[in-house]
Amino acid sequence: MLKVLSVFIPLSLACLTPHAEAYPARGSDQDTFILNPYPEKPRLTFRSDGTFKITIFSDQHFGENPWDWWGPEQDANSTRLMKRVLPDEQPDYVVLNGDLITGENTFKENATTLIDQIVAPLNEFKIPFSSTQGNHDNQANITHLAEILREQSVAPLSYTRISPPGVGGDAEQGPGNYWVPVYAANSSPTPSLILWFFDSRGGFSAGANSTPVQDWVHDSVATWIEREVEMMDRVWGPSEQNRAALAFVHIPPHVVQTLQVNLNSTKDPGLNEDELGQGSTQATTNPSSLGKDEAFWNALTVHVKNLKALISGHDHGNEWCSREPSKDVVFCFDKHGGYGGYGEPEWGYGVRNILFTSPELDSTVETWIRLEEGEQRARVVLGPDYP
Ligand SMILES: *[C@@H]1O[C@H](CO)[C@@H](O)[C@H](O)[C@H]1NC(C)=O
Ligand SMILES: *[C@@H]1O[C@H](CO)[C@@H](O)[C@H](O)[C@H]1NC(C)=O
Ligand SMILES: *[C@@H]1O[C@H](CO)[C@@H](O)[C@H](O)[C@H]1NC(C)=O
Ligand SMILES: *[C@@H]1O[C@H](CO)[C@@H](O)[C@H](O)[C@H]1NC(C)=O
């Protein structure tokens with residue numbers, strides 16, 4: 001009887017989780033999965049000239065006050081921004097780095113249809129992309145999981161995935177932990193670059209008795225990172241010699257707060273208008289949570305080799321990059337990419353671009369801010385001698 005139970009309980013649980021099938025747990029299946037987590041999608045590759053360009057739209061905050069004239073106008077403006085920037089920049093990949101929607105203002109019956117509006121330009125220009133979710137994407141009438149499932153169903157080139165069961169904390173509020181492989185060429189046997197995406201949760205739980213959700217990447221993600229890197233190394237060879245990495249998370253890790261104090265506007269250009277305090281970085285909304293994001297930060301910086309940068313949004317007034325000295329990892333803020341959410345008109349609206357100039361491990365990586373109207377600023381080159 002016990003034996004029967006031990007077989008049937010995990011199976012029935014597996015059937016209830018939508019992603020269990022796509023993420024087999026056994027050794028050899030896992031290797032097959034690692035080799036190609038996107039069997040139905042085009043393989044992402046560097047261009048024939050060796051470059052790979054990523055454009056990041058962050059904090060778009062669609063869906064504010066749909067009952068006022070200005071809410072829908074903001075959304076139309078945010079769509080206009082995407083439709084101006086995409087044909088100009090012609091990115092190889094787009095990242096939507098959290099707070100896609102201002103969930104406080106959404107209705108239960110139609111909240112996720114905002115996702116259709118957000119991804120429409122990406123569908124139109126046929127650009128592969130994926131998303132992280134932010135604190136405003138977890139609210140009474142919306143969850144990270146609901147947004148991801150909608151995105152997957154309406155955007156054929158969405159590479160957003162859901163972490164395996166038990167990874168990320170609550171399955172509705174923290175499921176956006178995954179990675180995306182990028183190959184030097186279609187014929188390359190192994191990827192040259194891994195894009196990592198993490199779910200910093202936050203916001204409020206769904207339903208009538210909505211309560212605050214922890215605002216840091218869940219501890220379980222730390223062990224997951226270590227496990228994933230181990231498998232990649234086993235199947236693809238050691239990452240140190242074979243692969244670069246780039247990481248995205250909506251809320252910056254808490255350690256970023258210490259970087260602001262020593263910022264030098266010549267070496268670390270870009271808007272610096274948001275003083276980081278309570279709620280600006282992970283695990284700070286509630287003072288008793290301080291330090292809770294360290295498991296994630298340590299796992300990321302120890303296990304993910306050749307990490308070119310970690311990139312976050314959340315603080316709309318900041319655009320700078322800086323190197324975190326204790327882990328020797330570059331951190332960059334996004335650019336506020338939507339007309340919703342807090343901000344000042346003079347901050348402008350735009351994107352962060354990231355350009356890999358080659359698939360080699362020591363590739364130069366350039367990054368800069370581009371405003372809707374075309375102005376470019378705060379360009380830095382993320383090499384070993386940066387800043
Ligand atoms: C929409 O964009 C126009 C042009 O930039 C601007 O004048 C207007 O204030 C924006 N509307 C809102 C609601 O942000
Ligand atoms: C959630 O959606 C319901 C149904 O549309 C609406 O009545 C309610 O006000 C919304 N709740 C919040 C907190 O916005
Ligand atoms: C959802 O429904 C509300 C209430 O009918 C409406 O004001 C709002 O514009 C709708 N939102 C979307 C995204 O369809
Ligand atoms: C800022 O960086 C510039 C360029 O490296 C340097 O010349 C300047 O002394 C620095 N300023 C401070 C206050 O450290």
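Helices (H or I, at least four residues) and strands (E, at least two) are DSSP runs, numbered from the N terminus. With that in hand, find β12 (376-381) and follow the chain into the segment after it, where P387 lies. The peptide bond from Y386 to P387 is cis, with omega near 0°.

Before we go on, a word on what you are looking at. This is a predicted model, in which local features need pLDDT of at least 70, side-chain atom pairs count only at pLDDT 80 or more, and totals for chains, interfaces and linings use all residues. Residues are numbered from 1 along each chain as its sequence is written, chains are lettered from A and ligands numbered from 1 in the order in which they are written, and side-chain values use heavy atoms, with hydrogens and water left out.

Let us turn to a sheet. Two strands pair if DSSP finds at least two bridges between them. In general, strands of a sheet pair through backbone hydrogen bonds, either parallel or antiparallel. Here you can trace an open sheet of six strands in the order β4-β5-β6-β7-β9-β8, and its pairing is mixed. Which strands stand at the edges? They are β4 (178-182) and β8 (321-324); each has a single partner strand, so one side of each is left without a neighbour in the sheet. On average, neighbouring strands of this sheet are turned by 20° against each other, direction ignored. Such angles rest on axes, which are lines fitted to C-alpha atoms (for helices over the stretch in contact), and angles run from 0 to 180 degrees between N-to-C directions.

Now look at β9 and its two pairings. Strand β7 (residues 307-312) and strand β9 (residues 329-333) run in the parallel sense and share three bridges. In this pairing, I311 stands opposite C332 in β9. With β8, the pairing of β9 is antiparallel and covers four bridges, and there S322 stands opposite F331 in β9. β8 and β9 also form a hairpin with four residues between them, and D328 in the turn has a positive phi of about 60°.

Stay with β8 for a moment. In a regular strand the side chains alternate between the two faces of the sheet. In β8, C321 and R323 point one way, S322 and E324 point the other way, and all are buried. Buried means under 20% relative accessible area, exposed over 50%, and partly exposed in between (1.4 Å probe, protein chains only).

Next, visit the loop between β1 (52-57) and α3 (70-89), where D59 is found. D59 has a positive phi of about 50° although it is not a glycine. Is D59 buried or exposed? D59 is buried, with a relative accessible area of 2%. H61 has its place in the loop between β1 and α3 too, and H61 also shows a positive phi of about 50° without being a glycine. H61 is buried, with a relative accessible area of 2%.

For a contrast, go to S48, in the loop between α2 (27-35) and β1. S48 is exposed, with a relative accessible area of 86%. S48 and A184 are 136 residues apart in sequence, yet 8.6 Å apart in space, C-alpha to C-alpha.

Finally, meet some of the ligands. A residue is near a molecule or strand if one of its heavy atoms lies within 4 Å of it. Around ligand 2 you will find E104, T106, F107, K108, E109, A140 and N141. This shell divides into two nonpolar, two polar and three charged residues. For these classes, Ala, Val, Leu, Ile, Met, Phe, Trp, Tyr, Cys and Pro count as nonpolar, Asp, Glu, Lys and Arg as charged, and the others, Gly among them, as polar.

A polar contact is a pair of N or O atoms within 3.5 Å; within protein, one must be able to donate a hydrogen and the other to accept it, and residues adjacent in sequence count only if both atoms are side-chain atoms. A polar side-chain atom of N141 lies 2.4 Å from an oxygen atom of ligand 2, and a polar side-chain atom of E109 lies 2.7 Å from an oxygen atom of ligand 2.

Ligand 3 is surrounded by P66, F107, N110, T113 and L114. An N or O atom in the side chain of N110 is 2.4 Å from an oxygen atom of ligand 3.
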